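Subject: Structure handover

Hello,

Here is the structure for your files.

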Amino acid sequence: MHSKLSVELAGLRLVNPTMLAAGILGMTNLSLKRVAEAGAGAVVTKSVGIKPRTGYPNPTIVQTDCGILNAMGLPNPGIKHFAKEIQEAKKTISCPIIVSVYGFSAEEFVKVAEKAEESGADAVELNVSCPHVEKTGSEIGQDMGLLEEVVKTVKKQVNKPVFVKLTPNVTNITKCATATEKAGADAITAINTVRGMAINAETAKPILGNKFGGLSGPAMKPIALRCVYEVYREVKVPVIGCGGINDWRDAVEFMLAGATAIQIGTAIAFKGLDVFQSINKGIEAYLETKGYESVREIVGLSHRC
Ligand code: DHB
């Protein structure tokens with residue numbers, strides 16, 4: 001049975017196209033459950049690696065005019081501990097649970113992804129795009145050879161769908177998308193945060209403990225929308241839109257650009273968890289007004305105009 005809002009994403013069935021983006025409220029079973037109960041069609045965890053990491057010194061977050069800059073430094077308890085959270089989450093959450101994975105080598109990505117799969121993850125999302133942690137993240141996503149190696153190696157060992165989250169901090173995102181698809185990815189998430197920084201005029205110093213961080217929120221929406229549009233044109237695998245989606249209209253625009261599903265992150269910080277329900281209601285009303293039977297009909301529609 002398909003409802004108007006349901007979508008299929010690399011073999012996963014989502015009752016609606018909204019997903020929790022990686023990095024926010026995704027570190028415990030209970031916070032994931034809250035998001036699922038608020039109406040998300042799927043949830044993505046905070047990125048997890050092989051070993052526990054404390055992350056960067058404070059300040060790790062700073063608000064800017066139209067968004068948030070953050071440099072947490074990939075803090076996480078490590079996959080061994082996190083496996084328990086995934087197992088618990090699987091018992092009570094009915095929507096798909098996607099585990100965001102990072103590593104400092106292809107082998108590390110594989111180990112974490114395998115353990116995530118074993119613990120019940122419905123899919124993994126490879127974070128090859130964190131904009132400021134050295135030797136991982138965008139240092140992988142910006143290097144076609146490394147990107148292909150990581151995706152290929154994970155695909156060889158993991159049976160569940162493998163999503164790959166791309167960085168916008170490249171000259172040509174379509175080249176990354178094509179390489180990712182060729183390496184076997186089942187879906188592409190576009191995009192991770194834009195590398196940025198903030199400086200305090202009074203102290204004359206960079207604000208973030210790490211100096212550089214990732215910009216999220218409304219400021220990056222036009223960049224993310226353009227990336228989804230460009231990636232959709234180049235690949236056959238589904239595209240997941242992410243970046244500055246704040247209300248139902250943003251969500252619809254991303255779907256028109258080619259997103260099968262959309263991820264919400266920073267909007268939760270500004271609007272609370274009601275944002276999932278209000279986006280879903282808004283999409284449904286839009287479909288009704290425009291006379292569409294299903295949200296699936298609008299995916300990529302702007303390319304046909
Ligand atoms: C962090 C990771 C990311 O992938 C990102 O986009 C921003 C911040 C972090 O943990 O610091």
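Which element gives the largest share of the lining of the largest pocket? H9 does, with three residues.

Some ground rules before the rest. This is a predicted model, where local features need pLDDT of at least 70, side-chain atom pairs count only at pLDDT 80 or more, and totals for chains, interfaces and linings use all residues. Residues are numbered from 1 along each chain as its sequence is written, and side-chain values use heavy atoms, with hydrogens and water left out.

Pockets
The largest pocket has a volume of about 640 Å³. Its lining has 36 residues, and Ala22, Gly23, Asn70, Thr193 and Ser216 are the closest to the centre. A pocket here is an open set of points on a 1 Å grid over the protein atoms alone, where a 1.4 Å probe fits, with protein on both sides within 12 Å along at least five of seven lines; lining residues have an atom within 4 Å of a point. Volume is the space filled by probe spheres set on the points, which are joined across faces, edges and corners.

Strands S6 (67–70), S14 (212–216) and S16 (259–264) and helix H9 (266–271) each supply at least two lining residues. Helices (H or I, at least four residues) and strands (E, at least two) are DSSP runs, numbered from the N terminus. By class, the lining has 18 nonpolar, 16 polar and two charged residues. Nonpolar means Ala, Val, Leu, Ile, Met, Phe, Trp, Tyr, Cys and Pro; charged means Asp, Glu, Lys and Arg; the others, Gly among them, are polar.

The second largest pocket comes to about 210 Å³. Val15, Asn16, Gly39, Ala40 and Gly41 lie nearest its centre, out of 16 lining residues. H10 gives the most, four residues.

Core
The largest nonpolar core holds 101 residues. Such a core is a set of buried Ala, Val, Leu, Ile, Met, Phe, Trp, Tyr and Cys residues joined through side-chain atoms within 4.5 Å. Leu126 is among the members that touch the most others. Leaving aside neighbours within four places in sequence, its contacts (heavy atoms within 4.5 Å) include Val101, Phe109 and Lys165.

Two single residues
Ser138 sits in helix H4 (138–141). Its relative accessible area is 5%, so Ser138 is buried. Thr171 lies in the loop between S9 (162–166) and H6 (173–182). At 87%, Thr171 is exposed. Buried is under 20%, exposed over 50%, partly exposed in between (1.4 Å probe, protein chains only).

Best wishes
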